[in-house]
Amino acid sequence: MVVGDISTGTDVLVIGAGPGGYVAAIRAGQLDLDVTLVEKDAYGGTCLNYGCIPSKAMITASDLAHEAGHAEEMGIYADPEVEMGEMVGWKDGVVDQLTGGVEKLCKANGVELMEGRAEFADENKARIVHGGEGQGSETVEFEHAIVSTGSRPIEIPGFSFDDDPVLDSRQALALEEVPESLVIVGAGYIGMELAGVFAKLGTDVTVVEMLDSVLPGYEDDLARPVKKKAEELGIDFHFGEAASDWEESGDGITVRTENEDGEVSEFGAEKVMVAVGREPVTDTLGLENTGVEPDENGFVPTDDRARTEVDHIYAIGDVAGEPMLAHKASKEGQVAAEVIAGEPSALDYQAVPAAVFTDPEIGTVGLTESEAEAEGFEPAVGQFPFNASGRALTTGHADGFVRVVADEPSGFLLGAQIVGPEASELIAELGLAIEMGATLEDVAATIHTHPTLSEAVMEAAENALGHAIHTLNR
Ligand SMILES: Cc1cc2nc3c(=O)[nH]c(=O)nc-3n(C[C@H](O)[C@H](O)[C@H](O)COP(=O)(O)OP(=O)(O)OC[C@H]3O[C@@H](n4cnc5c(N)ncnc54)[C@H](O)[C@@H]3O)c2cc1C
(Lines give C-alpha, C1' and ligand atoms only; values in the text may rest on other atoms or scores of the structure.)
Protein backbone atom coordinates (compact mmCIF):
# COMPACT_ATOMS: atom_id res chain seq x y z
CA MET A 1 0.00 0.00 0.00
CA VAL A 2 1.30 3.44 -0.91
CA VAL A 3 1.02 5.93 1.91
CA GLY A 4 2.19 9.52 1.78
CA ASP A 5 3.98 11.15 -1.12
CA ILE A 6 6.77 9.28 -2.88
CA SER A 7 8.61 10.12 -6.06
CA THR A 8 9.51 7.97 -9.08
CA GLY A 9 10.78 8.59 -12.59
CA THR A 10 9.97 7.26 -16.07
CA ASP A 11 10.92 7.89 -19.70
CA VAL A 12 7.32 7.90 -20.86
CA LEU A 13 4.27 8.63 -18.73
CA VAL A 14 1.03 7.64 -20.44
CA ILE A 15 -2.10 9.10 -18.84
CA GLY A 16 -5.24 7.08 -19.52
CA ALA A 17 -5.45 3.38 -20.46
CA GLY A 18 -8.04 3.47 -23.25
CA PRO A 19 -7.30 2.17 -26.76
CA GLY A 20 -5.06 5.18 -27.27
CA GLY A 21 -3.08 4.97 -24.03
CA TYR A 22 -2.68 1.23 -23.56
CA VAL A 23 -1.61 0.76 -27.18
CA ALA A 24 0.90 3.61 -26.84
CA ALA A 25 2.25 2.03 -23.64
CA ILE A 26 2.59 -1.46 -25.15
CA ARG A 27 4.29 -0.07 -28.26
CA ALA A 28 6.65 1.99 -26.08
CA GLY A 29 7.44 -1.18 -24.10
CA GLN A 30 8.16 -3.08 -27.31
CA LEU A 31 10.59 -0.31 -28.24
CA ASP A 32 12.43 -0.77 -24.93
CA LEU A 33 11.30 2.51 -23.46
CA ASP A 34 10.77 2.75 -19.73
CA VAL A 35 7.00 3.39 -19.62
CA THR A 36 4.43 4.01 -16.89
CA LEU A 37 0.72 3.83 -17.65
CA VAL A 38 -1.63 5.50 -15.18
CA GLU A 39 -5.36 4.85 -15.14
CA LYS A 40 -7.94 6.21 -12.71
CA ASP A 41 -10.81 3.88 -13.51
CA ALA A 42 -10.52 0.73 -15.66
CA TYR A 43 -7.97 -0.66 -18.14
CA GLY A 44 -9.34 -0.45 -21.66
CA GLY A 45 -10.96 2.96 -21.14
CA THR A 46 -14.33 3.94 -22.53
CA CYS A 47 -13.99 1.63 -25.52
CA LEU A 48 -13.62 -1.68 -23.70
CA ASN A 49 -15.62 -0.89 -20.57
CA TYR A 50 -18.49 1.40 -21.58
CA GLY A 51 -18.37 1.96 -25.34
CA CYS A 52 -17.41 -0.07 -28.40
CA ILE A 53 -17.30 -3.51 -26.82
CA PRO A 54 -20.35 -3.48 -24.53
CA SER A 55 -22.47 -1.79 -27.19
CA LYS A 56 -21.45 -4.33 -29.82
CA ALA A 57 -22.10 -7.19 -27.40
CA MET A 58 -25.60 -5.86 -26.73
CA ILE A 59 -26.18 -5.32 -30.46
CA THR A 60 -25.24 -8.93 -31.19
CA ALA A 61 -27.42 -10.29 -28.38
CA SER A 62 -30.46 -8.16 -29.25
CA ASP A 63 -30.06 -9.01 -32.96
CA LEU A 64 -30.03 -12.70 -32.11
CA ALA A 65 -33.17 -12.40 -29.99
CA HIS A 66 -34.93 -10.37 -32.65
CA GLU A 67 -33.89 -12.55 -35.58
CA ALA A 68 -34.86 -15.76 -33.85
CA GLY A 69 -38.33 -14.33 -33.27
CA HIS A 70 -38.71 -13.00 -36.81
CA ALA A 71 -37.59 -15.85 -39.06
CA GLU A 72 -40.97 -17.28 -40.10
CA GLU A 73 -40.04 -16.63 -43.73
CA MET A 74 -37.28 -19.22 -43.30
CA GLY A 75 -39.68 -21.61 -41.61
CA ILE A 76 -38.46 -20.87 -38.10
CA TYR A 77 -41.06 -20.21 -35.42
CA ALA A 78 -39.75 -19.06 -32.05
CA ASP A 79 -40.58 -16.58 -29.34
CA PRO A 80 -37.32 -16.01 -27.47
CA GLU A 81 -37.52 -14.93 -23.85
CA VAL A 82 -34.94 -12.33 -22.89
CA GLU A 83 -33.37 -12.41 -19.43
CA MET A 84 -31.81 -8.96 -19.45
CA GLY A 85 -29.75 -9.57 -16.29
CA GLU A 86 -28.14 -12.62 -17.90
CA MET A 87 -27.56 -10.80 -21.17
CA VAL A 88 -25.82 -7.95 -19.33
CA GLY A 89 -23.84 -10.55 -17.33
CA TRP A 90 -22.63 -12.14 -20.58
CA LYS A 91 -21.67 -8.71 -21.92
CA ASP A 92 -19.76 -7.97 -18.69
CA GLY A 93 -17.91 -11.30 -19.07
CA VAL A 94 -16.74 -10.28 -22.55
CA VAL A 95 -15.58 -6.93 -21.16
CA ASP A 96 -13.73 -8.59 -18.27
CA GLN A 97 -11.95 -10.98 -20.60
CA LEU A 98 -10.71 -8.11 -22.74
CA THR A 99 -9.73 -5.74 -19.94
CA GLY A 100 -7.88 -8.56 -18.17
CA GLY A 101 -6.07 -9.18 -21.45
CA VAL A 102 -5.01 -5.54 -21.66
CA GLU A 103 -3.54 -5.66 -18.17
CA LYS A 104 -1.63 -8.87 -18.97
CA LEU A 105 -0.32 -7.55 -22.29
CA CYS A 106 0.89 -4.35 -20.63
CA LYS A 107 2.76 -6.31 -17.96
CA ALA A 108 4.20 -8.74 -20.50
CA ASN A 109 5.59 -5.77 -22.44
CA GLY A 110 7.26 -4.30 -19.38
CA VAL A 111 4.74 -1.50 -18.84
CA GLU A 112 4.62 -0.23 -15.24
CA LEU A 113 0.94 0.03 -14.29
CA MET A 114 -0.19 2.64 -11.81
CA GLU A 115 -3.73 3.12 -10.53
CA GLY A 116 -4.76 6.67 -9.77
CA ARG A 117 -5.68 10.06 -11.18
CA ALA A 118 -2.86 11.99 -12.83
CA GLU A 119 -2.50 15.74 -12.81
CA PHE A 120 0.43 17.68 -14.26
CA ALA A 121 2.42 19.64 -11.66
CA ASP A 122 4.69 21.12 -14.32
CA GLU A 123 5.96 20.14 -17.76
CA ASN A 124 8.10 17.29 -16.40
CA LYS A 125 6.20 16.18 -13.33
CA ALA A 126 2.78 14.69 -12.63
CA ARG A 127 1.09 13.96 -9.35
CA ILE A 128 -0.78 10.67 -9.15
CA VAL A 129 -3.54 10.57 -6.58
CA HIS A 130 -4.39 6.98 -5.71
CA GLY A 131 -8.03 6.08 -5.12
CA GLY A 132 -9.34 5.06 -1.74
CA GLU A 133 -8.77 6.38 1.72
CA GLY A 134 -5.18 6.36 2.98
CA GLN A 135 -3.82 5.42 -0.45
CA GLY A 136 -1.85 8.66 -0.72
CA SER A 137 -0.26 10.08 -3.82
CA GLU A 138 3.04 10.09 -5.62
CA THR A 139 4.98 12.26 -7.99
CA VAL A 140 6.24 10.89 -11.29
CA GLU A 141 8.98 12.70 -13.17
CA PHE A 142 8.90 12.04 -16.90
CA GLU A 143 10.94 12.72 -20.03
CA HIS A 144 7.90 12.41 -22.27
CA ALA A 145 4.17 12.32 -21.54
CA ILE A 146 1.33 11.02 -23.67
CA VAL A 147 -2.08 12.47 -22.81
CA SER A 148 -4.81 9.94 -23.62
CA THR A 149 -7.57 10.89 -21.21
CA GLY A 150 -10.40 10.34 -23.70
CA SER A 151 -13.83 11.90 -23.62
CA ARG A 152 -17.07 11.98 -21.65
CA PRO A 153 -20.71 12.31 -22.71
CA ILE A 154 -22.00 15.87 -23.09
CA GLU A 155 -24.67 16.77 -20.55
CA ILE A 156 -27.39 19.12 -21.74
CA PRO A 157 -29.13 21.64 -19.46
CA GLY A 158 -32.03 20.09 -17.59
CA PHE A 159 -30.76 16.51 -17.96
CA SER A 160 -28.26 15.57 -15.28
CA PHE A 161 -26.81 12.05 -15.53
CA ASP A 162 -26.99 11.94 -11.72
CA ASP A 163 -30.79 11.82 -11.90
CA ASP A 164 -32.09 8.26 -11.93
CA PRO A 165 -34.27 8.23 -15.06
CA VAL A 166 -31.68 10.17 -17.09
CA LEU A 167 -29.10 7.87 -18.64
CA ASP A 168 -25.91 8.27 -20.60
CA SER A 169 -24.89 5.45 -22.95
CA ARG A 170 -22.81 3.79 -20.23
CA GLN A 171 -25.77 3.60 -17.84
CA ALA A 172 -28.09 2.45 -20.63
CA LEU A 173 -25.73 -0.43 -21.43
CA ALA A 174 -25.79 -1.55 -17.80
CA LEU A 175 -29.60 -1.66 -17.35
CA GLU A 176 -30.59 -4.93 -15.70
CA GLU A 177 -34.16 -4.73 -16.98
CA VAL A 178 -35.54 -3.91 -20.38
CA PRO A 179 -37.32 -0.56 -20.01
CA GLU A 180 -40.93 -0.50 -21.23
CA SER A 181 -40.30 2.79 -22.98
CA LEU A 182 -37.31 5.00 -23.65
CA VAL A 183 -36.83 8.47 -25.12
CA ILE A 184 -33.44 8.85 -26.80
CA VAL A 185 -32.18 12.39 -27.27
CA GLY A 186 -29.86 12.47 -30.29
CA ALA A 187 -29.92 10.42 -33.51
CA GLY A 188 -26.13 10.24 -33.91
CA TYR A 189 -24.38 6.88 -34.07
CA ILE A 190 -24.56 6.09 -30.35
CA GLY A 191 -28.25 7.07 -30.15
CA MET A 192 -29.11 5.03 -33.24
CA GLU A 193 -27.12 1.95 -32.24
CA LEU A 194 -28.79 1.81 -28.83
CA ALA A 195 -32.23 2.69 -30.24
CA GLY A 196 -31.89 -0.52 -32.28
CA VAL A 197 -30.81 -2.58 -29.26
CA PHE A 198 -33.74 -1.53 -27.10
CA ALA A 199 -36.33 -1.67 -29.90
CA LYS A 200 -35.23 -5.26 -30.65
CA LEU A 201 -35.54 -6.14 -26.97
CA GLY A 202 -39.12 -4.88 -26.97
CA THR A 203 -38.78 -1.32 -25.63
CA ASP A 204 -41.04 1.33 -27.05
CA VAL A 205 -38.38 3.76 -28.37
CA THR A 206 -38.84 7.43 -29.29
CA VAL A 207 -35.91 9.35 -30.78
CA VAL A 208 -35.87 13.16 -30.68
CA GLU A 209 -33.24 14.95 -32.75
CA MET A 210 -32.56 18.66 -33.19
CA LEU A 211 -31.47 18.29 -36.82
CA ASP A 212 -33.66 16.97 -39.61
CA SER A 213 -32.35 13.44 -40.12
CA VAL A 214 -30.71 10.45 -38.49
CA LEU A 215 -26.92 10.05 -38.46
CA PRO A 216 -26.03 13.68 -39.23
CA GLY A 217 -22.77 13.83 -41.17
CA TYR A 218 -23.47 10.70 -43.19
CA GLU A 219 -24.75 10.91 -46.77
CA ASP A 220 -28.55 10.73 -47.11
CA ASP A 221 -28.56 7.49 -49.07
CA LEU A 222 -26.50 5.79 -46.34
CA ALA A 223 -28.73 7.01 -43.51
CA ARG A 224 -32.02 6.25 -45.32
CA PRO A 225 -31.98 2.43 -45.03
CA VAL A 226 -31.08 2.77 -41.34
CA LYS A 227 -34.04 5.04 -40.67
CA LYS A 228 -36.37 2.81 -42.71
CA LYS A 229 -35.38 -0.29 -40.75
CA ALA A 230 -35.64 1.60 -37.46
CA GLU A 231 -39.18 2.65 -38.34
CA GLU A 232 -40.02 -0.96 -39.20
CA LEU A 233 -38.82 -1.83 -35.68
CA GLY A 234 -41.36 0.67 -34.36
CA ILE A 235 -38.94 3.48 -33.46
CA ASP A 236 -40.77 6.79 -33.48
CA PHE A 237 -38.71 9.77 -34.78
CA HIS A 238 -39.23 13.48 -34.08
CA PHE A 239 -36.85 15.79 -35.93
CA GLY A 240 -36.23 19.49 -35.36
CA GLU A 241 -36.89 19.02 -31.64
CA ALA A 242 -34.49 20.13 -28.90
CA ALA A 243 -34.93 18.43 -25.53
CA SER A 244 -35.59 21.11 -22.92
CA ASP A 245 -36.44 19.35 -19.63
CA TRP A 246 -38.21 16.43 -18.00
CA GLU A 247 -40.38 15.75 -14.97
CA GLU A 248 -41.72 12.76 -13.09
CA SER A 249 -45.24 11.81 -14.11
CA GLY A 250 -47.20 8.79 -12.95
CA ASP A 251 -44.97 5.71 -13.14
CA GLY A 252 -42.47 7.35 -15.45
CA ILE A 253 -41.37 10.69 -16.79
CA THR A 254 -42.40 13.27 -19.34
CA VAL A 255 -39.67 14.65 -21.59
CA ARG A 256 -40.35 18.07 -23.08
CA THR A 257 -38.89 19.26 -26.37
CA GLU A 258 -39.12 22.52 -28.26
CA ASN A 259 -38.95 23.15 -32.01
CA GLU A 260 -37.50 26.28 -33.65
CA ASP A 261 -40.91 28.00 -33.54
CA GLY A 262 -40.98 27.55 -29.78
CA GLU A 263 -43.70 24.89 -29.90
CA VAL A 264 -43.44 22.44 -27.04
CA SER A 265 -44.02 18.68 -27.37
CA GLU A 266 -44.17 16.08 -24.60
CA PHE A 267 -43.10 12.45 -24.69
CA GLY A 268 -43.86 10.00 -21.90
CA ALA A 269 -41.38 7.21 -21.09
CA GLU A 270 -39.84 5.15 -18.32
CA LYS A 271 -36.38 6.58 -18.93
CA VAL A 272 -34.52 9.04 -21.14
CA MET A 273 -31.06 8.48 -22.64
CA VAL A 274 -29.11 11.53 -23.75
CA ALA A 275 -26.60 10.87 -26.55
CA VAL A 276 -25.81 14.26 -28.08
CA GLY A 277 -22.06 13.80 -28.46
CA ARG A 278 -18.89 13.59 -26.39
CA GLU A 279 -16.38 16.15 -25.18
CA PRO A 280 -12.65 15.74 -24.51
CA VAL A 281 -11.39 15.30 -20.94
CA THR A 282 -8.75 18.02 -20.77
CA ASP A 283 -10.03 20.29 -18.00
CA THR A 284 -9.07 18.19 -14.96
CA LEU A 285 -5.50 17.38 -15.86
CA GLY A 286 -3.51 20.43 -14.85
CA LEU A 287 -2.58 21.00 -18.51
CA GLU A 288 -2.23 24.71 -17.69
CA ASN A 289 0.87 23.78 -15.66
CA THR A 290 2.59 22.45 -18.78
CA GLY A 291 2.03 25.19 -21.35
CA VAL A 292 -0.23 22.94 -23.47
CA GLU A 293 -3.36 24.85 -24.38
CA PRO A 294 -6.55 23.12 -25.50
CA ASP A 295 -8.57 24.80 -28.28
CA GLU A 296 -11.98 26.41 -27.71
CA ASN A 297 -13.67 22.97 -27.80
CA GLY A 298 -11.27 21.46 -25.29
CA PHE A 299 -9.26 19.38 -27.82
CA VAL A 300 -5.47 19.43 -27.69
CA PRO A 301 -3.95 20.53 -31.02
CA THR A 302 -1.27 18.14 -32.30
CA ASP A 303 0.94 17.74 -35.38
CA ASP A 304 1.33 14.72 -37.64
CA ARG A 305 3.57 13.07 -35.04
CA ALA A 306 0.98 13.46 -32.24
CA ARG A 307 3.13 16.17 -30.60
CA THR A 308 1.53 19.11 -28.83
CA GLU A 309 3.03 22.58 -28.86
CA VAL A 310 5.21 21.43 -25.93
CA ASP A 311 7.74 19.21 -27.68
CA HIS A 312 7.89 16.28 -25.27
CA ILE A 313 4.16 16.14 -24.50
CA TYR A 314 1.96 14.18 -26.90
CA ALA A 315 -1.83 13.91 -27.15
CA ILE A 316 -3.69 11.01 -28.76
CA GLY A 317 -7.21 9.66 -29.17
CA ASP A 318 -10.39 11.52 -28.32
CA VAL A 319 -8.53 14.37 -26.59
CA ALA A 320 -6.67 15.06 -29.85
CA GLY A 321 -9.85 15.65 -31.87
CA GLU A 322 -12.16 14.10 -34.42
CA PRO A 323 -12.81 11.46 -35.49
CA MET A 324 -13.35 10.21 -31.94
CA LEU A 325 -12.84 6.54 -32.77
CA ALA A 326 -10.95 3.78 -31.00
CA HIS A 327 -8.82 2.70 -33.97
CA LYS A 328 -7.78 6.29 -34.65
CA ALA A 329 -6.74 6.55 -30.97
CA SER A 330 -4.68 3.35 -31.24
CA LYS A 331 -2.92 4.43 -34.41
CA GLU A 332 -2.02 7.76 -32.82
CA GLY A 333 -0.75 5.87 -29.76
CA GLN A 334 1.55 3.72 -31.88
CA VAL A 335 2.88 6.74 -33.74
CA ALA A 336 3.48 8.71 -30.51
CA ALA A 337 5.47 5.81 -29.01
CA GLU A 338 7.50 5.34 -32.19
CA VAL A 339 8.27 9.05 -32.48
CA ILE A 340 9.44 9.09 -28.85
CA ALA A 341 11.68 6.10 -29.63
CA GLY A 342 13.20 8.11 -32.49
CA GLU A 343 11.51 6.26 -35.34
CA PRO A 344 10.44 8.13 -38.51
CA SER A 345 6.74 7.53 -37.86
CA ALA A 346 3.93 9.88 -38.86
CA LEU A 347 0.16 9.95 -39.03
CA ASP A 348 -1.72 9.65 -42.30
CA TYR A 349 -5.47 10.25 -42.11
CA GLN A 350 -6.19 9.43 -45.75
CA ALA A 351 -7.85 6.13 -44.98
CA VAL A 352 -9.44 6.18 -41.51
CA PRO A 353 -12.48 3.93 -41.67
CA ALA A 354 -15.62 4.52 -39.62
CA ALA A 355 -18.43 2.11 -38.87
CA VAL A 356 -21.93 2.53 -37.48
CA PHE A 357 -23.29 -0.71 -36.06
CA THR A 358 -26.93 -0.01 -36.81
CA ASP A 359 -29.25 -2.32 -38.74
CA PRO A 360 -28.11 -2.18 -41.50
CA GLU A 361 -24.52 -1.26 -40.73
CA ILE A 362 -22.64 1.60 -42.32
CA GLY A 363 -18.95 1.58 -43.20
CA THR A 364 -17.08 4.49 -44.74
CA VAL A 365 -13.50 5.30 -45.61
CA GLY A 366 -11.79 8.15 -47.46
CA LEU A 367 -13.66 10.64 -49.61
CA THR A 368 -17.28 10.81 -50.69
CA GLU A 369 -18.07 11.78 -54.27
CA SER A 370 -18.79 15.41 -53.30
CA GLU A 371 -15.67 15.62 -51.12
CA ALA A 372 -13.61 14.28 -54.03
CA GLU A 373 -15.09 16.94 -56.33
CA ALA A 374 -14.41 19.64 -53.73
CA GLU A 375 -10.79 18.51 -53.62
CA GLY A 376 -10.48 18.94 -57.39
CA PHE A 377 -10.70 15.28 -58.44
CA GLU A 378 -12.83 14.05 -61.34
CA PRO A 379 -14.59 11.23 -59.51
CA ALA A 380 -15.59 7.96 -61.12
CA VAL A 381 -18.25 6.26 -59.02
CA GLY A 382 -19.41 2.66 -59.02
CA GLN A 383 -22.17 1.09 -56.96
CA PHE A 384 -23.49 -2.40 -56.37
CA PRO A 385 -26.77 -3.14 -54.57
CA PHE A 386 -26.87 -5.97 -52.04
CA ASN A 387 -30.18 -7.18 -53.47
CA ALA A 388 -28.12 -8.37 -56.46
CA SER A 389 -25.73 -10.29 -54.19
CA GLY A 390 -26.43 -13.99 -53.86
CA ARG A 391 -24.82 -14.13 -50.43
CA ALA A 392 -26.75 -11.12 -49.11
CA LEU A 393 -30.02 -12.78 -50.14
CA THR A 394 -29.04 -15.99 -48.36
CA THR A 395 -28.53 -14.05 -45.11
CA GLY A 396 -31.93 -12.42 -45.33
CA HIS A 397 -30.30 -8.98 -45.26
CA ALA A 398 -30.16 -7.48 -48.73
CA ASP A 399 -30.81 -3.77 -48.12
CA GLY A 400 -28.10 -1.30 -49.06
CA PHE A 401 -25.14 -1.10 -51.40
CA VAL A 402 -21.38 -0.77 -51.80
CA ARG A 403 -20.13 2.42 -53.44
CA VAL A 404 -16.59 3.15 -54.52
CA VAL A 405 -15.21 6.57 -55.45
CA ALA A 406 -12.07 6.80 -57.55
CA ASP A 407 -10.10 9.38 -59.47
CA GLU A 408 -11.30 8.94 -63.08
CA PRO A 409 -8.05 9.73 -64.92
CA SER A 410 -5.75 7.61 -62.76
CA GLY A 411 -8.23 5.07 -61.41
CA PHE A 412 -6.87 5.47 -57.85
CA LEU A 413 -9.39 4.62 -55.16
CA LEU A 414 -10.29 7.71 -53.09
CA GLY A 415 -13.09 6.49 -50.88
CA ALA A 416 -15.94 4.07 -50.30
CA GLN A 417 -19.29 4.01 -48.59
CA ILE A 418 -21.21 0.90 -47.66
CA VAL A 419 -24.60 0.45 -46.09
CA GLY A 420 -25.72 -3.12 -45.61
CA PRO A 421 -24.83 -6.44 -43.99
CA GLU A 422 -21.31 -6.60 -42.47
CA ALA A 423 -20.46 -3.12 -43.78
CA SER A 424 -18.14 -2.69 -40.77
CA GLU A 425 -16.08 -5.68 -41.97
CA LEU A 426 -16.32 -5.07 -45.72
CA ILE A 427 -14.94 -1.55 -45.45
CA ALA A 428 -11.54 -2.98 -44.40
CA GLU A 429 -10.79 -4.19 -47.93
CA LEU A 430 -11.34 -0.71 -49.32
CA GLY A 431 -9.27 0.87 -46.53
CA LEU A 432 -6.39 -1.40 -47.53
CA ALA A 433 -6.94 -0.58 -51.21
CA ILE A 434 -6.71 3.16 -50.54
CA GLU A 435 -3.74 2.74 -48.19
CA MET A 436 -1.85 0.73 -50.85
CA GLY A 437 -2.70 3.09 -53.70
CA ALA A 438 -4.84 0.49 -55.48
CA THR A 439 -6.83 1.39 -58.59
CA LEU A 440 -10.33 0.34 -59.63
CA GLU A 441 -8.65 -2.19 -61.95
CA ASP A 442 -6.78 -3.73 -58.99
CA VAL A 443 -9.97 -4.23 -56.97
CA ALA A 444 -11.93 -5.45 -60.01
CA ALA A 445 -9.16 -7.87 -60.99
CA THR A 446 -8.98 -9.44 -57.53
CA ILE A 447 -10.78 -12.77 -57.50
CA HIS A 448 -13.29 -12.71 -54.62
CA THR A 449 -14.67 -15.87 -53.03
CA HIS A 450 -18.18 -16.88 -54.07
CA PRO A 451 -20.70 -16.56 -52.58
CA THR A 452 -19.62 -13.76 -50.26
CA LEU A 453 -20.69 -10.25 -49.46
CA SER A 454 -17.23 -9.07 -50.51
CA GLU A 455 -18.07 -9.82 -54.14
CA ALA A 456 -20.16 -6.63 -53.94
CA VAL A 457 -16.91 -4.67 -53.47
CA MET A 458 -15.45 -6.17 -56.66
CA GLU A 459 -18.69 -5.56 -58.55
CA ALA A 460 -18.83 -1.91 -57.41
CA ALA A 461 -15.31 -1.40 -58.78
CA GLU A 462 -16.33 -3.14 -62.04
CA ASN A 463 -19.41 -0.93 -62.18
CA ALA A 464 -17.23 2.19 -61.96
CA LEU A 465 -15.25 0.78 -64.89
CA GLY A 466 -18.45 0.07 -66.81
CA HIS A 467 -18.31 -3.73 -66.80
CA ALA A 468 -20.05 -5.10 -63.70
CA ILE A 469 -21.59 -8.49 -64.46
CA HIS A 470 -24.46 -8.67 -61.97
CA THR A 471 -25.89 -5.15 -62.22
CA LEU A 472 -26.58 -2.72 -65.03
CA ASN A 473 -23.63 -0.41 -65.65
CA ARG A 474 -23.81 3.35 -65.41
C1 LIG B 1 -21.46 3.78 -26.48
C2 LIG B 1 -20.19 4.01 -27.27
C3 LIG B 1 -19.93 3.22 -28.38
C4 LIG B 1 -18.77 3.41 -29.10
N5 LIG B 1 -18.56 2.60 -30.18
C6 LIG B 1 -17.42 2.76 -30.90
C7 LIG B 1 -17.15 1.89 -32.00
O8 LIG B 1 -17.94 1.00 -32.31
N9 LIG B 1 -16.00 2.07 -32.67
C10 LIG B 1 -15.11 3.06 -32.35
O11 LIG B 1 -14.06 3.18 -33.00
N12 LIG B 1 -15.34 3.90 -31.31
C13 LIG B 1 -16.47 3.76 -30.58
N14 LIG B 1 -16.69 4.58 -29.51
C15 LIG B 1 -15.71 5.65 -29.23
C16 LIG B 1 -14.51 5.07 -28.49
O17 LIG B 1 -14.93 4.49 -27.29
C18 LIG B 1 -13.49 6.18 -28.24
O19 LIG B 1 -13.17 6.84 -29.44
C20 LIG B 1 -12.22 5.60 -27.63
O21 LIG B 1 -12.50 4.95 -26.41
C22 LIG B 1 -11.19 6.70 -27.41
O23 LIG B 1 -10.05 6.15 -26.84
P24 LIG B 1 -9.11 7.02 -25.90
O25 LIG B 1 -7.97 6.12 -25.53
O26 LIG B 1 -8.81 8.30 -26.54
O27 LIG B 1 -9.97 7.36 -24.61
P28 LIG B 1 -10.82 6.49 -23.60
O29 LIG B 1 -11.17 5.16 -24.13
O30 LIG B 1 -11.95 7.37 -23.17
O31 LIG B 1 -9.83 6.26 -22.39
C32 LIG B 1 -9.38 7.30 -21.60
C33 LIG B 1 -8.98 6.77 -20.25
O34 LIG B 1 -8.32 7.80 -19.53
C35 LIG B 1 -8.65 7.70 -18.15
N36 LIG B 1 -8.37 8.99 -17.53
C37 LIG B 1 -8.98 10.18 -17.78
N38 LIG B 1 -8.43 11.16 -17.04
C39 LIG B 1 -7.43 10.58 -16.31
C40 LIG B 1 -6.51 11.08 -15.36
N41 LIG B 1 -6.46 12.36 -15.04
N42 LIG B 1 -5.65 10.20 -14.79
C43 LIG B 1 -5.68 8.86 -15.12
N44 LIG B 1 -6.55 8.35 -16.02
C45 LIG B 1 -7.41 9.20 -16.61
C46 LIG B 1 -10.12 7.33 -18.20
O47 LIG B 1 -10.53 6.73 -16.98
C48 LIG B 1 -10.17 6.36 -19.38
O49 LIG B 1 -10.00 5.02 -18.96
C50 LIG B 1 -17.84 4.41 -28.73
C51 LIG B 1 -18.08 5.21 -27.60
C52 LIG B 1 -19.24 5.01 -26.88
C53 LIG B 1 -19.49 5.86 -25.67
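Student: What do the buried residues of α7 pack against?
Tutor: In this predicted model, the buried residues of α7 pack against α6 (189-200), β11 (236-239), β19 (361-366), β21 (401-407) and β22 (413-420).

Student: Which residues of α7 are buried?
Tutor: Leu-222, Ala-223, Pro-225, Val-226, Lys-229 and Ala-230 are buried in α7. Their arc around the axis is only 160°, which puts them on the same side of α7.

Student: And on the other side of α7, which ones are exposed?
Tutor: Asp-220, Arg-224 and Glu-232 are exposed there.

Student: What end-to-end span should α7 have, and what does the model give?
Tutor: Helix α7 has 13 residues, 220-232, and at 1.5 Å a residue it should span 18 Å. The C-alpha atoms at its ends are 18 Å apart, so the two agree.

Student: What follows α7?
Tutor: Gly-234 follows α7, and the phi of Gly-234 is positive, near 95°.

Student: Switching topic. Where does Thr-290 sit?
Tutor: Thr-290 is in the loop between β16 (278-280) and β17 (313-315).

Student: Is Thr-290 buried or exposed?
Tutor: Thr-290 counts as buried because its relative accessibility is 3%, and the cut-off for buried is under 20%.

Student: What lies 2.5 Å from a polar atom of the Thr-290 side chain?
Tutor: That is the backbone oxygen of Leu-287.

Student: Leaving aside neighbours within four places in sequence, which residues is Thr-290 in contact with?
Tutor: With those neighbours set aside, Thr-290 is in contact with Phe-120, Asp-122, Glu-123, Val-310 and Ile-313.

Student: Now the ligand. How many residues surround it, and which are the closest?
Tutor: The ligand is surrounded by 39 residues, and the closest are Glu-39, Thr-46, Lys-56, Asp-318 and Ala-326.

Student: What does Asp-318 put 2.9 Å from an oxygen atom of the ligand?
Tutor: Asp-318 places a polar side-chain atom there. With Met-324, a polar backbone atom is 3.2 Å from an oxygen atom of the ligand. Lys-40 has a backbone N or O atom 3.3 Å from a nitrogen atom of the ligand.

Student: How much of the ligand does the protein bury?
Tutor: The protein buries 96% of the 1,000 Å² that the ligand exposes when taken alone.

Student: Which elements give two or more residues to the shell around the ligand?
Tutor: They are β2 (35-39), α2 (45-50), α3 (52-69), β4 (117-122), α6 and α8 (326-340).

Student: Where does the largest share of that shell come from?
Tutor: From α2, with four residues.

How values were computed: Residues numbered from 1 in each chain as written. Predicted model: local features only at pLDDT ≥ 70, side-chain atom pairs only at ≥ 80, totals over all residues. Heavy atoms only, no water. Expected span 1.5 Å × (residues − 1). Buried < 20%, exposed > 50% of the residue type's maximum accessible area, 1.4 Å probe, protein only. Arc of directions from axis to C-beta. Contact = heavy atoms within 4.5 Å. Polar contact = N/O pair within 3.5 Å; in protein donor to acceptor, adjacent residues only side chain to side chain. Near = heavy atom within 4 Å. Areas by Shrake-Rupley, 256 points an atom, 1.4 Å probe, with all protein chains shown as cover.
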